[in-house]
Amino acid sequence: MSRGSYVLVGYDGTKQSAYAVGWAATEARLRRLPLTVVHSWRWPYPISHIDYEGAAIVKRMGEHVLDHGVALAERSAPGVRIHGRLTDGPAYAALLAAGDDAEVIVIGSHEQARLPVASTALQLPARARCPVVVVRAPATGHRRVVAGVDGSAGGDAALAFAFEQAALRGWSLLAVYGCWEPGAVPREELDMFHDDEKLKRVCGARLERAVAPYRVRYPQVDAWTSLVLDPPREALFDAADNADLVVVGNRGRGTVDPLLLGATSSALLQHAPCSVAIVQPTHAETGETREG
């Protein structure tokens, strides 16, 4: 099932990053992979004002934080091989560099009214090659994964990861298609939005076709589908109220766009009531200009 060599988690000493360590430790145990805990320390002033004695103190503080994160992981998953890695510089850059051969990257989501564009929770999922799970809080007991489906390569990648998570954790799965998205369909499909029955028929068939291969691959997963005549963002937020994880594909515009992620992905990362996973498409969509 696993393709990477390890699970990677970022730890900075906060409550949210402790939640991330707990999630990552479980992930590593279920996947039978080692876990790497990363802490990135940073000299907080311009390099021209560096105080080498002060920098050594900041680095030692970083070492203590890392040791604490490793200890948390060891308590969460006895028997899992755990490595600590201390780096310097921006956290998202350190995790990106350390995650080249990771199966999954896990980070915490700091509770803010709005995450800044430069935050790790927005930068890392947009650039990482593997799925990134942004943990908001410990699993609440719903034992359900919600996957966003839209017929795109990103949606298919999200389904694959969501089914895998449900199988690993013994959770149920709800595949949600919020199909009221006239700005994201080819011109020849626009007439569907004047005919609700046709919209339901076409998009319902698209949803079932997307889910069918994963029902066969993961027969042990209790999987359901939900077609909603709402925008994707609204449909996923409604479903997230009864889930422990929402999984979406990255349909953003890449590094030329300052937002990096699509609108729906960014909104979920900032405001979803549960943890969120962002998954890169398995292959690039040519001519993709839609936000998701």
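**A walk through a predicted model**

Residues are numbered from 1 along each chain as its sequence is written, and side-chain values use heavy atoms, with hydrogens and water left out.

For the protein chain, the mean pLDDT is 86, and 86% of the residues reach 70 or more. Confidence is lowest in helix H4 (residues 120-127), with a mean of 85, and highest in strand S6 (residues 144-148), at 98. Helices (H or I, at least four residues) and strands (E, at least two) are DSSP runs, numbered from the N terminus.

The strands come next. Ten of them, 10 strands in the order S3-S2-S1-S4-S5-S10-S9-S6-S7-S8, form an open sheet with mixed pairing; two strands pair if DSSP finds at least two bridges between them. Strand S3 (82-88) and strand S8 (223-228) are the edge strands, each pairing on one side only. From one strand to the next, the twist averages 20 degrees. Within the sheet, strand S1 (residues 6-10) and strand S4 (residues 102-108) run parallel and are joined by four bridges. Leu8 has Ile105 in S4 as its bridge partner.

Helices lie across these strands. Helix H1 (residues 15-31) lies across several, including S1, strand S2 (35-41) and S4, and runs at about 160 degrees to S4. Helix H6 (residues 196-217) lies across strand S7 (172-178) and S8, at about 160 degrees to S8. For these angles, axes are lines fitted to C-alpha atoms, for helices over the stretch in contact, and angles run from 0 to 180 degrees between N-to-C directions.

One residue can be followed in detail. Ser40 is found in strand S2. Ser40 counts as buried because its relative accessibility is 18%, and buried means under 20% relative accessible area, exposed over 50% and partly exposed in between (1.4 Å probe, protein chains only). The side chain of Ser40 makes a polar contact with the side chain of Thr87 (3.3 Å). A polar contact is a pair of N or O atoms within 3.5 Å; within protein, one must be able to donate a hydrogen and the other to accept it, and residues adjacent in sequence count only if both atoms are side-chain atoms. The Ser40 side chain also reaches the backbone oxygen of Gly89 at 2.6 Å.

Definitions and conventions. Predicted model: local features only at pLDDT ≥ 70, side-chain atom pairs only at ≥ 80, totals over all residues. Contact = heavy atoms within 4.5 Å. pLDDT = per-residue confidence, 0-100.
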